[in-house]
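Hi,

Here is the structure I said I would pass on. Have a look at it first, and then read my notes below.

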Amino acid sequence: MELPAKSHPVWADIVTGKAHYDLKFMAAKIFIGRCSRLIEEDSSPEMLKSCTEKLHGLYAKNTGNPAAQEDLKTISG
């Protein structure tokens, strides 16, 4: 399992809906839904950066969670 770098485009693709993965980590699924709504209201680069960094941070803090590990395998390809 590898955590893609904070700057990796996969995080932005996930929060903007450009990439769809069958994610298992419930906290991430909830966060992504919230970010999608925030980005619809404010599509500024600052909002996108904030959401991508927070999503990365959520996975970084939960690398020991089995669902998060499974998601990271999926995201990393």
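The face of helix 4 that points away from its buried side carries two exposed residues, P66 and K73. Exposed here is over 50% relative accessible area, buried is under 20%, and partly exposed is in between (1.4 Å probe, protein chains only). Helices are DSSP runs of H or I with at least four residues, and strands are E runs of at least two, numbered from the N terminus.

Before I go on: this is a predicted model, where local features need pLDDT of at least 70 and side-chain atom pairs count only at pLDDT 80 or more, while totals for chains, interfaces and linings use all residues. Residues are numbered from 1 along each chain as its sequence is written, and side-chain values use heavy atoms, with hydrogens and water left out.

Back to helix 4, which runs over residues 66–76 and has A68, D71, L72 and I75 as its buried residues. Those residues sit on the same side of helix 4, because they cover an arc of only 100° around the axis (the arc is taken from the directions from the helix axis to the C-beta atoms). What covers them? Helix 1 and helix 3 are included in the cover, with contact meaning heavy atoms within 4.5 Å.

The two ends of helix 4 are worth a look too. At its start, a side-chain oxygen of N65 comes to within 2.7 Å of the backbone nitrogen of A67. That is a polar contact: a pair of N or O atoms within 3.5 Å, where within protein one must be able to donate a hydrogen and the other to accept it, and residues adjacent in sequence count only if both atoms are side-chain atoms. After helix 4 comes G77, with a positive phi near 80°.

Now the inside. Nonpolar side chains tend to be buried together in soluble globular proteins. In this model the largest nonpolar core has 18 residues, and W11, I14, V15, C51, L55, Y59 and I75 have the most contacts inside it. A core of this kind is a set of buried Ala, Val, Leu, Ile, Met, Phe, Trp, Tyr and Cys residues joined through side-chain atoms within 4.5 Å. Helices 1, 2, 3 and 4 each supply at least two of its residues, and helix 2 gives the largest share, five residues. As for L55, its contacts include W11, I14 and V15, leaving out residues up to four places away in sequence.

Which rings cluster? W11, F25 and Y59 do, linked by ring pairs. Rings of Phe, Tyr and Trp (its six-membered ring) pair if their centres lie within 6.5 Å; planes under 30 degrees apart are stacked, over 60 edge-to-face, and the rest tilted. That rule gives two aromatic pairs. W11 and Y59 make a tilted one, 5.7 Å centre to centre with 35° between the planes. W11 is buried at 0% relative accessibility, and Y59 is buried at 1%. F25 and Y59 are 5.6 Å apart at their ring centres with planes at 55°, so they are tilted as well.

Last, H56 in helix 3: its side chain reaches the backbone nitrogen of K6 at 3.5 Å.

Cheers
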